[in-house]
Amino acid sequence: MNKMIKIAIYLTMVFLWVSNHVVAQDDIFGLDNRAREKGRKSDNKIGNVTRSLVSLISVEFGAGAAYHQNSMLFNSENSSQYPIVQTQDLDFPRSVTANDTLSFRSVQSAIPMHIAANINLFNTITLGGGYGREIGRMDNLQANPFELVLDHSQYTFDKVFGTVGLVLYDARKRAKFLNWKYRKYASQNFYMQSQKNQRIRQNYPWRFMVEGQFGNIIIRNNISPQVNANSDPFYNVSFRVERDFSEYARLFVKAGYESRNFIFQGENPTEFQNLNQVLYPIQIGLSVSLPGTKRCKKPGCGVVMRHLHDGVEYRGSSIFQLQNRKVGQWY
């Protein structure tokens, strides 16, 4: 019996030693997690720094639809400078006077699209900028019984903008939340600690963000030669949801609120009215991070996961595939 106990203890010690080294080094498929975390991305220091900086940059393209509301609080001593017509037959037709304050309004739709680049700072804040185009429709503005007539119903606006984003919740914040949630369980409670660790190690592909956008409007196809872009920048606030399908690529959906101002110029250069436009856009798109590691092209190397050659880290798969797949993620 004592001999059996000694053998069991010996086998247990051997098992624990082997498990510790295998798990610690994660020496599967020739990979070394500890070495990979400290691995270089290039053979030289300048290349390593450059590739580390490149890996912070992502590019994206998005398109969608928007519902917009247009309003003008009109008051002028000389309304004849503006293309205002009476749309309803009245017993006593009248013109707009200086005492009249009219609230012109219209609603229509548009198709916004954009391309942008962002820099990821500490996985918490994103900074970037881009260029967008919006193709939309704007009908004549109504203020019964009057109508402000526009020359064209179609418009095309270009936008140059900057963005700033704040990550509200992602895999890292989820891990911190789970650590906080399980804080009430003692470290000796192996069942609950194991449950916590398993949940933290689960793949969590979602990211929730608040994004702000500001910039200038460039009119390409105008609704009227009397309409000009205001010098004030437009601004946009959006709620954004991202879904990773690899370490480098993700789909996103964002919906928000956008406000911008235009000037409706009268025939007299000193006479103008403010035209306000409010949009409620929703967009879907693709965001791709630039890879900081090269694709492995070593002869005879068939490793499809992230791995090392002479201390330099390489990718084994396309940026549109998971690099370090787990069980059930191979395809």
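**View 1. Aromatic pairs in the predicted model.** The structure holds 13 aromatic pairs, where rings of Phe, Tyr and Trp (its six-membered ring) pair if their centres lie within 6.5 Å, and planes under 30 degrees apart count as stacked, over 60 as edge-to-face and the rest as tilted. In one of them, Y235 and Y257 have ring centres 6.4 Å apart and planes at 45 degrees, so this pair is tilted. Y235 belongs to strand β10 and Y257 to strand β11, so the pair ties together parts that are 22 residues apart in sequence; strands (E, at least two residues) are DSSP runs, numbered from the N terminus. Since this is a predicted model, local features need pLDDT of at least 70 and side-chain atom pairs count only at pLDDT 80 or more, while totals for chains, interfaces and linings use all residues. Residues are numbered from 1 along each chain as its sequence is written, and side-chain values use heavy atoms, with hydrogens and water left out.

**View 2. A tyrosine cluster.** Y67, Y235, Y257 and Y280 are linked into a cluster by ring pairs.

**View 3. Arginines over rings.** R243 lies over the face of W206, 5.7 Å from the ring centre. The charged end of R315 sits over the ring of Y248, at 6.0 Å from its centre. A charge sits over a ring if NZ of Lys or CZ of Arg is within 6 Å of the ring centre and within 35 degrees of the ring normal.

**View 4. The largest cavity.** About 150 Å³ of space lies in this cavity, one of two cavities of 30 Å³ or more. On a 1 Å grid over the protein atoms alone, a cavity is a set of points where a 1.4 Å probe fits but cannot get out, and lining residues have an atom within 4 Å of a point. Grid points are joined across faces, edges and corners, and a volume is the space filled by probe spheres set on the points. Of its 17 lining residues, K159, Q213, N236, E258 and Q283 lie nearest the centre.

**View 5. The second largest cavity.** Its volume is about 40 Å³. Strand β3 gives the largest share of the lining, three residues. Among the lining residues are E60, H114, F161 and R240.

Methods. 1 Å grid on protein atoms, 1.4 Å probe; cavity = no way out; pocket = protein on both sides within 12 Å on 5 of 7 lines; lining within 4 Å. Helix = DSSP H or I, 4+ residues; strand = E, 2+ residues; numbered from the N terminus.
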